[in-house]
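Please read the following report beside the sequence and the coordinates.

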Amino acid sequence: MPYNTPSPSYNPMGSPTQTFMLLAFISLFSSLSNSLPLSTRGRWIVDSITGRRVKLVCVNWPSHTQSMLIEGLANRPLKDLADELVSLKFNCVRLTYATHMFTRYANRTVEENFDLLDLRASKAGLASHNPFVLNMTIFEAYETVVDVLGTSGLMVIADNHISQPRWCCSLNDGNGFFGDRYFDPQEWLEGLRLVARRFTNKSNVVAMSLRNELRGAKSSSKDWNKYMTQGATTIHDINPNLLVIVSGLNFDNDLRCQRHNPLPLNNLHNKLVFEVHLYSFSGATKTKFITNPLNKICSTIINGFVERAEFVMQGAEAVPLFVSEFGFDQRGTNVADDRFLSCFVAHLAKTDLDWALWAWQGSYYYRQGQAQSDEVFGILNYNWSGVRNPRFSTTFQLLQTMLRDPNSNAPNSYVMYHPQSGQCVRVKEMMSKEIYLNDCSNASHWSHRGDGTPIELEATGLCLKADGDGLRPLLSRDCSSNESSWTTISNSKLHLATLTRQGNGLCLEKENSNSTRIVMGRCVCVGDDSNCLDDTRSQWFELVATNTL
């Protein structure tokens with residue numbers, strides 16, 4: 001099917017939304033907190049002007065489905081939604097699009113498209129909350145969204161999610177790999193050109209990702225190398241300020257194609273970033289987090305993630321790794337998702353990776369044949385009126401913090417992170433020396449030289465010491481006894497254990513779900529017993545290195 005290139009003479013300032021767009025454009029540059037554009041330095045993303053690290057803390061906000069409009073505009077004003085993202089401590093949006101939105105349907109209006117889908121209720125919602133979008137073309141609406149996000153100080157990653165506007169992704173949807181029924185490489189390149197040109201002067205568009213979740217029987221590292229190289233150079237030649245984000249194979253779970261067939265891009269003048277995805281269901285059904293010992297499956301998942309993706313951050317040719325999708329059932333009722341999340345956020349904190357959560361939207365205009373369908377992975381609830389999970393901010397507070405600053409000369413210390421609760425260990429007061437879980441912004445700082453050594457409260461000479469099963473650990477000047485010697489044990493390496501005077505192994509643990517107290521308990525499922533299926537997360541603690549807190 002031939003595709004229609006929008007007229008190059010189009011001028012958004014001349015549209016009926018002139019005043020709105022002009023105000024957005026004027027205020028854009030003063031509201032962004034980083035002096036854009038961005039570049040890379042080794043494994044870090046940095047401000048191109050100052051060289052300071054910029055940590056991407058992003059949310060996925062789809063615009064690639066049949067509606068071809070960013071979700072949620074039938075529920076609330078766009079600016080309100082953008083401002084709420086900022087209030088929740090996000091700094092960027094991975095804004096998805098489908099290639100055909102711009103190569104075939106760019107001049108169709110939003111109203112025409114909603115009429116074709118018979119989305120009368122959603123159309124009425126648009127008229128109420130965001131009436132300016134109805135008469136806009138698909139491309140104009142996408143551009144307006146970018147501008148409004150900019151006025152709220154949000155960076156944008158324009159993500160080529162799929163070719164056809166539809167839900168993504170499956171092995172047989174014809175959109176998986178170059179040469180599939182709906183995935184014409186030349187049309188894909190034309191789509192990249194259109195987006196790169198359109199946003200050349202939009203400083204809050206800091207990156208373009210080449211393609212989401214490559215997959216299917218045609219996948220090969222040779223063709224991946226060929227087309228990713230073409231796509232990256234196409235974008236870079238048009239707009240050399242943009243970061244270019246490259247995905248791997250197998251639903252973006254695997255970047256080993258870069259190891260086997262490296263891209264000949266020479267780091268793209270410090271603009272190359274790789275992306276990766278991970279979910280509870282990646283690789284196998286999510287029941288694996290229930291039917292296997294939790295420490296063992298967590299170790300398997302993280303070791304596989306490191307092997308398949310994190311190698312790109314290492315060595316002389318290191319580049320940043322962006323976890324552009326991970327997510328979980330925000331209702332808090334899915335045991336497998338909750339266990340996956342605790343496992344993965346411990347690793348995200350430890351490595352201080354850049355990331356984008358799936359997803360912002362509480363519902364969809366239209367998804368897989370159903371109007372106004374729910375999104376249980378959404379941060380927002382079904383009607384977009386508030387956050388779905390009341391513990392969301394607590395769960396993500398540490399992950400949203402830049403924990404390592406490559407420009408800082410400050411020494412590293414550790415915060416003791418409890419991934420299940422999202423909280424960190426704090427000494428309540430020096431008189432009582434009681435430790436408990438609290439907001440990570442108020443975490444106590446510790447030093448630890450490795451397994452078999454004490455965990456010392458920084459600058460005090462006091463060390464953490466076990467005092468018996470069921471009892472609170474102490475802060476003591478005894479830093480040399482067995483009870484003050486700590487080792488990470490179990491396959492997950494998330495249990496902090498020591499020996500009592502009687503020679504019994506005890507682990508730190510959160511006392512119970514309603515308490516912030518930390519006690520010592522017998523270590524649970526830390527051996528090789530394949531029948532030990534207890535939930536061990538109350539005993540999971542990660543020593544997270546930081547030079548910024």
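Strand β3 and strand β10 (residues 354-357) pair in the parallel sense over three bridges, where helices (H or I, at least four residues) and strands (E, at least two) are DSSP runs numbered from the N terminus, and two strands count as paired if DSSP finds at least two bridges between them. Within this pairing, Val57 stands opposite Trp355 in β10. The model is a predicted one, in which local features need pLDDT of at least 70 and side-chain atom pairs count only at pLDDT 80 or more, while totals for chains, interfaces and linings use all residues. Residues are numbered from 1 along each chain as its sequence is written, and side-chain values use heavy atoms, with hydrogens and water left out.

## The barrel and strand β4

The pairing of β3 with β10 belongs to a closed barrel of eight strands, which runs β3-β4-β5-β6-β7-β8-β9-β10 with parallel pairing. The twist averages 30° from one strand to the next; here axes are lines fitted to C-alpha atoms, for helices over the stretch in contact, and angles run from 0 to 180 degrees between N-to-C directions. Strand β3 (residues 57-61) also pairs with β4 in the parallel sense, over four bridges, and the bridge partner of Asn60 in β4 is Arg94.

How many residues of strand β4 are buried? Seven of the seven residues of β4 (residues 92-98) are buried, so this strand is largely enclosed by the rest of the structure; buried means under 20% relative accessible area, exposed over 50%, and partly exposed in between, with a 1.4 Å probe and protein chains only. In a regular strand the side chains alternate between the two faces of the sheet. Both faces of β4 are covered, with Cys92, Arg94, Thr96 and Ala98 buried on one side and Val93, Leu95 and Tyr97 buried on the other.

## Helix packing

Helix α2 lies across β3 and β4 and runs at about 145° to β3. Two packed helices are described by the angle between their axes and the distance between the axes. The table gives these values for two helix pairs.

| Helix pair | Axes come within | Crossing angle |
|---|---|---|
| α2 (residues 78-87) and α6 (residues 138-151) | 9 Å | roughly 45° |
| α7 (residues 185-198) and α8 (residues 221-238) | 9 Å | roughly 25° |

Angles under 35 degrees count as roughly parallel, over 145 as roughly antiparallel, 65 to 115 as roughly perpendicular and the rest as oblique. Helices α2 and α6 are therefore oblique to each other, whereas α7 is roughly parallel to α8. The crossing of α2 and α6 is right-handed, and α7 passes α8 in a right-handed crossing; a crossing is right-handed if the near helix is turned clockwise from the far one by less than a right angle, and left-handed if anticlockwise.

In the second pair, the contact is made by Pro185, Trp188, Leu189, Leu192, Arg193, Ala196 and Arg197 of α7 and by Tyr227, Met228, Gln230, Gly231, Thr234, Ile235 and Ile238 of α8. The residues of the contact of α7 with α8 divide into nine nonpolar, three polar and two charged. Thr234, found in helix α8, is buried with a relative accessible area of 13%, and this residue touches Leu189 and Arg193, not counting residues up to four places away in sequence.

## The open sheet

Four strands form an open sheet in the order β20-β21-β22-β23, and the pairing is antiparallel. Strands β20 (487-489) and β23 (518-522) stand at the edges, each with a single partner strand, so one side of each is left without a neighbour in the sheet. Strand β22 (residues 505-510) and β23 pair in the antiparallel sense over five bridges, and Leu508 stands opposite Met520 in β23.

## Backbone sites in loops

A cis peptide bond with omega of about 20° joins Cys168 and Cys169, and Cys169 has its place in the loop between β5 (155-162) and α7. A cis peptide bond also joins Trp358 and Ala359, with omega of about 10°, and Ala359 is in the loop between β10 and β11 (366-367).

Met68 has a positive phi of about 55° although it is not a glycine; this residue, in the loop between β3 and α2, is buried with a relative accessible area of 3%.

Note on methods: Contact means heavy atoms within 4.5 Å. Ala, Val, Leu, Ile, Met, Phe, Trp, Tyr, Cys and Pro count as nonpolar, Asp, Glu, Lys and Arg as charged, and the others, Gly among them, as polar.
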